[in-house]
Amino acid sequence: MAKTGTTTQGLRTAIERSGYYPALVAEAVEAAVGTESVSSYLVHQETTFDSNEVRRHVTVLVLTGTRFIVSHTDEQNADTTSPSPYATTSTESVKIGRISSVVVSRVVANPEKYVPGTLPREVVLTIGWGAVARIDLELAACGDPGCDADHGYTGSSTADDLSLRVSEAGDGPDTVKQTLVFAQALSEATAATGSSAR
């Protein structure tokens, strides 16, 4: 389930509609937003299956005039560290100017018949601001199949701070549309910040 909009009250309503520990999630998000106005938001609840356990988590993305806020809440079953089930909520606040990339990957069926404006069947929103980077290394080689010299390593570094996947089949078409709306608002905000910094 995902909801998007542009007001603080709308944000609270969307969190409550998700039904996922709304008092806990709303308090954490509202504390992070503070007195700023909400420009856009996205609330995405996801259920995953881990071995024999069903786990739920919710991600709330909020855009203000100056910041991008990410809140993530997970529930955990009782374990050796806690005799009762518990939830963990974290928030991160990032200045819009720090966002280095907003990647929107769209999956469409029958691309040869694509009509502009048709919703993709799946969207992956990846946002990078330099907090987390993934480095993929592999042995470097030359073109000589008989060469046994050490050519060192080659690799790439990818910003991978947040990746959110929604699909029409799993989340519904409204969620896909709302994710695209939020992604566009975030892209526009980062573009405006970049041009005003010049």
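I began with Leu139, which is exposed, with a relative accessible area of 60%. The model I am reading is a predicted one. I placed Leu139 in strand β8, residues 133–139.

**Overall make-up**

I went through the elements next. The protein has 4 helices and 10 strands. From the N terminus on, I read their order as β-α-α-β-β-β-β-β-β-β-β-β-α-α. Of the 198 residues, 32% count as buried.

**Cysteines**

How many disulfides does the structure hold? I found 0. Cys142 is in no disulfide, and its nearest cysteine sulfur, that of Cys147, is 3.6 Å away. Cys142 is partly exposed at 35% relative accessibility, and Cys147 is partly exposed at 30%.

**The sheet of β6, β7 and β10**

I traced an open sheet of 3 strands in the order β6-β7-β10, with antiparallel pairing. Its edge strands are β6 (101–107) and β10 (162–167), each of which pairs on one side only. Neighbouring strands in this sheet are turned by 10° against each other on average, direction ignored. I then followed one pairing in detail. β6 and β7 (residues 122–128) pair in the antiparallel sense over 7 bridges. For Ser101, I found the bridge partner in β7 to be Gly128. As a reminder to myself, strands of a sheet pair through backbone hydrogen bonds, either parallel or antiparallel.

**Positive phi values**

Most residues other than glycine have a negative phi, so I noted two exceptions. Tyr21 has a phi near 40°, a positive value in a residue other than glycine. Tyr21 sits in the loop between α1 (8–18) and α2 (22–33), and at 35% relative accessibility it is partly exposed. Asn110 has a positive phi of about 45° and is not a glycine either. I found Asn110 in the loop between β6 and β7, where it is partly exposed with a relative accessible area of 47%.

**Ile96**

Is Ile96 buried or exposed? At 4% relative accessibility, Ile96 counts as buried, because the cut-off for buried is under 20%. Ile96 lies in the loop between β5 (86–95) and β6. I also checked its distance to Ile69: the two are 27 residues apart in sequence and 9.4 Å apart in space, C-alpha to C-alpha.

**Salt bridges**

Side chains of opposite charge can pair when their charged atoms come close.

- Arg67 forms a salt bridge with Glu36, the closest N and O atoms being 2.5 Å apart. This pair links distant parts of the chain, with Arg67 in strand β4 (residues 67–76) and Glu36 in the loop between α2 and β2 (38–50), 31 residues apart. Arg67 counts as buried at 17% relative accessibility, whereas Glu36 is partly exposed at 22%.
- Arg56 and Glu75 meet through their side chains in a salt bridge, 3.2 Å from N to O. This pair too links distant parts of the chain: Arg56 is in strand β3 (residues 53–64) and Glu75 is in strand β4, 19 residues apart. Arg56 is partly exposed at 26% relative accessibility, and Glu75 counts as buried at 15%.
- Glu16 and Arg12 meet in a salt bridge of 3.4 Å, N to O. Both lie in helix α1, 4 residues apart, about one turn of the helix. Glu16 is partly exposed at 41% relative accessibility, and Arg12 is partly exposed at 28%.

Note on methods:
Residues are numbered from 1 along each chain as its sequence is written. This is a predicted model: local features need pLDDT of at least 70, side-chain atom pairs count only at pLDDT 80 or more; totals for chains, interfaces and linings use all residues. Side-chain values use heavy atoms; hydrogens and water are left out. A disulfide is a pair of cysteine sulfur atoms within 2.5 Å. Buried means under 20% relative accessible area, exposed over 50%, partly exposed in between (1.4 Å probe, protein chains only). Helices (H or I, at least four residues) and strands (E, at least two) are DSSP runs, numbered from the N terminus. Two strands pair if DSSP finds at least two bridges between them. Axes are lines fitted to C-alpha atoms, for helices over the stretch in contact, and angles run from 0 to 180 degrees between N-to-C directions. A salt bridge is a side-chain nitrogen of Lys or Arg within 4 Å of a carboxyl oxygen of Asp or Glu.
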